[in-house]
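Welcome! Take a look at the model first, and then read on.

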Amino acid sequence: MRFRHRAAAGFATLLLPLAGLVGLAGPAHAAASATATYAKTQDWGTGFEGKWTVTNSGTAAISSWTIEWDFPSGTSVTSAWDADVTNSGTHWTAKNKSYNGSLAPGASVSFGFNGSGSGAPSNCKLNGGSCDGGTTVPGDNPPSAPGAPTASGITDTSVKLSWTAATDDKGVKNYDVLRDGAKVATVTTTSYTDTALSAGTDYSYTVQARDTADQTGPVSGAVTVHTTGGSTNPPPTSGSAVKLGYFTEWGIYGRNYNVKNLVTSGSASKITHINYAFGNVTGGKCAIGDSYADYDKAFTADQSVSGVADTWDQPLRGNFNQLRELKAKYPNLKVLWSFGGWTWSGGFADAAKNPAAFAQSCYDLVKDSRWADVFDGIDIDWEYPNACGLSCDTSGAAAFKNVMAALRAKFGSGALVTAAVTADGSSGGKIEAADYAGAAQYVNWYNVMTYDFFGAWDAQGPTAPHSPLTSYSGIPKAGFTTADAIAKYKAIGVPASKLLVGIGFYGRGWTGVTQDAPGGTATGPAAGTYEQGIEDYKVLKTSCPATATVAGTAYAHCGSNWWSYDTPATIGTKMAWAKTQGLGGAFFWEFSGDTGNGELVSALSNGLS
C-alpha cells in the first residue's frame, strides 16, 4: 500500500574496468606493466563526470602514458583536466600533462573529464597495449569467449566441465579453467574434470581462451556446481507452499544488509522464492534500477556468499552475482526480478500503451546473458492499475490484464510471472478498478499486499493496526483487512492457490498518543530509523515490545508512542488462517526488518509447513 517505495540509495561510483569489454588489437609495444580503469563518478542524466586511472603495475618506472578509447556516437568529452584529450570522430585519446607522466612502480595517477551522452567507453588501449596489462599483437585479434561450461558427473569431490570452443583468427592454443575466479587448470581440449573438491560445497566455473600469441579473450559465462553430500540443499518446493521474501537492492547501503545475510540468518534455507526489488519502469520499458548495486559493486570476502572477494575484472559483480552464489548454495531457491514499486509505478502508464513492446524490453533485460541464470521469472509491482498510488493511473480497467498477458506470451510457460496487487477490499476500492480476475490466468500467483492499511499518513489517527487479519469494532475503514481482500479476490474468480498473503516485517506508529487500545488520537508519526512513522521489527521487538493483539496482529503503547506490527506469534496465526483458506502461501516485505537469526522468517516457514 504505502510502504512499498524505493528508499534513496545514495550515489555510488560506478567502476567499469575496461579489460575484457572487447577484443583489443594494438601495436607491438604492449603496456604489459600498466593498467587503466575507468569510473563514472557523477551522472546528472544529460551528462556525466568520468575519471581514468593509470597504475604502474610493473617493476620499472613509466615516463609517459597515453590512453585511447572509443565512445559510441552521441557520447563525447566536453572538457578535461590533468590530461590533454583529443578525438578523431568517436575515437578519443588522452595524453599526460608535463607534470604527471612519470609513474614509479606501484604508483597511480588519474585525470577527469566532463562528458555528454550516456555511452560507455570501449576498445581501451594504454600505451598501445591492453588496458588490463596484457599483451597485444599487431594484426592479431584475441580469441572470442568460449561457451559457458556445462557440468556433468557431479560427485562429492569432482565435476566434469565441457564447453564449446572459442574462435580466433590465428588459432586457439589452450583454455584457462577458473574456479571461483581463480585459475585451476590450463587445458588444450574443451573439457576438464576438476577433482579434490569438498562434499556439499558450492563452486562457480568459467573458461577463458588463449591464442597462439598468448592473448587472452573474454571470460565465458559461469556455471554453478553444488557437489553432492553436505546439507545446504533444501528439499524440493514443488507442490508445497510458496514462502517468498523481498530483497531490496538499496539495502546494501545504509542498512548494510547483503545477500550473505540470508545465509547467516538461516533464512535462505526456509524460503522458496526471492523477489529482487526493484527494476525501473520508464519510457514504456523495463530498465535497471541501480546499476552499481545490481551488477557492479565489489563485495569483500566477508560480505560474499561464497567467501571469495570480487575482483575488478570478473564478468559480473553486485547483488546479481551474490544471488547467483546464493542459488548455487541453495539450488531449489527461485529468484524473480520485481519491477515498479511505489516510486516507479508511474512508468506503467506508458508500458500499457504497447504491452508487447514492454514485455519484449523486460524479457531482453531479465534474460541478458550476463545474468540470465540468476532470474527464474519476473514480478510486476504496479501501484496501482487504473487507480491512484504515488500518482494516478488512467490506463483503463483492461490495462493490467493486457500487460500480464503480453508478459506471459513473451516469457513462456516455463518462467514465473507474478504480480504484487492491492489489498483494498472496500466497496468500490482498488480491487474493482482493474481486471485482476482476467489477468489471473497469466500469472503463477498474486502477492496480495495485506499491510499498510492504516498508518501515520493520517497524522492525528485514529491509531489502528496496519495489517489487521480481520475486522474489529472501531476499524477506521471497512474492507481494509486481509480477510476482506482475500475474500474479494476469491469472489471475482481468482483461485485461492494463486493468492499469497502478505506480512510486513516492520511496524507503523504514531506519537502523542495517550490511549493503550486502538482508536486513540495522535499528534503525528512516531520517530523511525529511516522514515517517520515506520520502524523495523528487529528494533521494535526490544524498544517497544508488543503488549496486546487486535484483529490478529500485535500493538504496543510505549510512552507517547503507539505501534502495531506482526510478531512470530501473530504470523503463526496468519499462516494457520492462510492454510484454512487454501492459499498458495505467503510473502513478506522485506528481509532486513527481521532479527539477525531470522525469527519472523522462521515463524512464516514453520506456519506453512
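Which residue lies over the face of phenylalanine 299? It is lysine 297, at 4.9 Å from the ring centre. Keep in mind as you explore that this is a predicted model. The points below are grouped by topic, so you can find each one in the viewer.

**Charges over rings**
- Lysine 297 and phenylalanine 299 give one example, described above.
- Another involves arginine 370, whose charged end sits over the ring of tyrosine 295, 5.3 Å from its centre.

**Aromatic pairs**
- Searching the whole structure turns up 45 aromatic pairs.
- One of them brings together phenylalanine 247 and tyrosine 257: the ring centres are 6.2 Å apart and the planes meet at 45°, so this pair is tilted.
- The two partners are 10 residues apart and link distant parts of the chain, with phenylalanine 247 in strand S19 (residues 242-248) and tyrosine 257 in the loop between S19 and helix H1 (260-264).
- Phenylalanine 247 is buried, because its relative accessible area of 1% falls under 20%.
- Tyrosine 257 is also buried, with a relative accessible area of 13%.
- A stacked pair is formed by phenylalanine 348 and tryptophan 382, at 5.0 Å centre to centre with 20° between the planes.
- Phenylalanine 348 belongs to helix H5 (residues 348-351), while tryptophan 382 is in the loop between strand S23 (377-381) and helix H7 (399-411), so this pair ties together parts that are 34 residues apart in sequence.

**A cluster of rings**
- Ring pairs also join up into a cluster, linking Phe247, Tyr257, Tyr276, Tyr295, Phe320, Trp337, Phe339, Trp371 and Phe375.

**Cis peptide bonds**
- Alanine 277 and phenylalanine 278 are joined by a cis peptide bond, with omega about -5°. Phenylalanine 278 is part of strand S20 (residues 273-282).
- The peptide bond from tryptophan 589 to glutamate 590 is cis as well, and its omega is near -20°. Look for glutamate 590 in the loop between strand S33 (585-589) and helix H12 (599-608).

- Asparagine 256 is not a glycine, yet its phi is positive, near 55°. This asparagine 256 is in the loop between S19 and H1.
- Aspartate 452 is not a glycine either, and has a positive phi of about 60°. Its place is in the loop between strand S25 (445-448) and helix H9 (482-491), and aspartate 452 is buried, with a relative accessible area of 2%.

Definitions and conventions
Residues numbered from 1 in each chain as written. Predicted model: local features only at pLDDT ≥ 70, side-chain atom pairs only at ≥ 80, totals over all residues. Heavy atoms only, no water. Phe/Tyr/Trp six-rings, centres within 6.5 Å; stacked < 30°, edge-to-face > 60°. Helix = DSSP H or I, 4+ residues; strand = E, 2+ residues; numbered from the N terminus. Buried < 20%, exposed > 50% of the residue type's maximum accessible area, 1.4 Å probe, protein only. Lys NZ or Arg CZ within 6 Å of the ring centre and 35° of its normal.
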